Amino acid sequence: MALRIHLDSDDLANIRFSNRPDPLWEILLSLHLLQSDEGEQLYGRWRQTVKKNLTKTDRRLLELAPPEGYSPDFLTPAESRHGVRAGIQAIIHTPAALLHRDLDELAAERKLPGWIDRLRTRTPDRNLIRSLGDALLRYFQHAIAPVWSPITRAVFEDHESRTRLIALTGLAEGISHLHPAISWKPRELVVEDYSVEADRHLQGRGLRIVPSYFCHQHPMALRSPGLQPILVYPAAHSPGGERESEHSLRALEDLVGPTRANVLREISHRACSTSVLASRTGLAPSSASEHARTLRAAGLIATRRVGRNVVHSVTALGSQLVGRSSPRTGAEGVNATE
């Protein structure tokens, strides 16, 4: 079976390569990995750590994201590219018709527990959906945020190598090297050995191509042809980065605390406004602002005004503390509103 993505001239002009991870896709794909023993060398230590701390609400998430077959499209909304909070808000406000369609498709493949069936009604339980959003945020904070630094580094470095290849060889050749299952034909991107036989006609909407840390072995896409087209593929990374990160993470957390360490790492990866920082880290804007103020007072970040926003960037001292040789700023780094 194969997924064939058909592109017209407008689509070809609107292919976008993401240079940072999509937090809701990382959540979904990490939930898949928690339910399998695949990728032991890459994910074994992470999986062992997370499994020790799984909560009842985490286990509910596992029921909604089975390791094989279909996972509901509404769990990975397009708004997630703006950060974990933006993505979760989109999930909370998912239209009833979309919930019903996605969960009917899930029910066609497996028996659903009662709490998921309560979301399939004409008037789904909105309190239950809000609790689902809370569960996703808590899972992100304890399972994903501690390894967000190696995730962002792997995605950024994969993006850099891919775009260099495209610049040297052209779009068709570069896309064909994204993954062994992906090939390029005239006006058609093909993903072989796909879970279903499908054709997607983008009709000028373009395609967002996203490398993912927790995507293992095979590229993925949304099943519904009516949603914003996206192709997620495994980002190249090695098992050593996670172990190195765990050691440096513990030292940094011992010094400034786990939440503030995550804030500093996020700013060191990309300068940003307070609202964007809050979205990336899953904090309330007031909490993000307070942590930034403390880090600024310690000389670890600098803050300046850009238009109506204030933008936080890491200092040389802060960069050394998180293990970077120099702060990342410049065109790819300073974006106050994203």
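The report below covers the pocket, the cavities and the aromatic pairs.

## Ground rules

This is a predicted model, in which local features need pLDDT of at least 70 and side-chain atom pairs count only at pLDDT 80 or more, while totals for chains, interfaces and linings use all residues. Residues are numbered from 1 along each chain as its sequence is written, and side-chain values use heavy atoms, with hydrogens and water left out.

## The largest pocket

A pocket is an open set of points on a 1 Å grid over the protein atoms alone, with protein on both sides within 12 Å along at least five of seven lines; a cavity is a set where a 1.4 Å probe fits but cannot get out, and lining residues have an atom within 4 Å of a point. Grid points are joined across faces, edges and corners, and a volume is the space filled by probe spheres set on the points.

The largest pocket has a volume of about 710 Å³. Its lining counts 32 residues, with H32, P67, E68, G69 and M220 nearest the centre. The largest share, five residues, comes from α2; helices (H or I, at least four residues) and strands (E, at least two) are DSSP runs, numbered from the N terminus. By class, this lining has 17 nonpolar, nine polar and six charged residues. Here Ala, Val, Leu, Ile, Met, Phe, Trp, Tyr, Cys and Pro are nonpolar, Asp, Glu, Lys and Arg are charged, and the others, Gly among them, are polar.

## The cavities

Three cavities of 30 Å³ or more are found in the structure. The largest has a volume of about 130 Å³, and R200, L202, L222, P229 and I230 lie nearest its centre among 15 lining residues. The elements giving two or more residues to that lining are β1 (2-6) and β5 (198-201). The classes there are 10 nonpolar, three polar and two charged residues.

The second largest cavity has a volume of about 110 Å³. Of its 15 lining residues, R20, P21, W148, E266 and R280 are the closest to its centre. Both α9 (148-169) and α12 (258-269) supply at least two lining residues. This lining has four nonpolar, five polar and six charged residues.

## Aromatic pairs

Rings of Phe, Tyr and Trp (its six-membered ring) pair if their centres lie within 6.5 Å; planes under 30 degrees apart count as stacked, over 60 as edge-to-face and the rest as tilted. The count comes to five aromatic pairs. Y213 and F214 have ring centres 5.0 Å apart and planes at 80 degrees, so the pair is edge-to-face.

Both Y213 and F214 are buried (under 20% relative accessible area, with exposed over 50% and partly exposed in between, using a 1.4 Å probe and protein chains only). Together with Y43 and W46, Y213 and F214 form one aromatic cluster.
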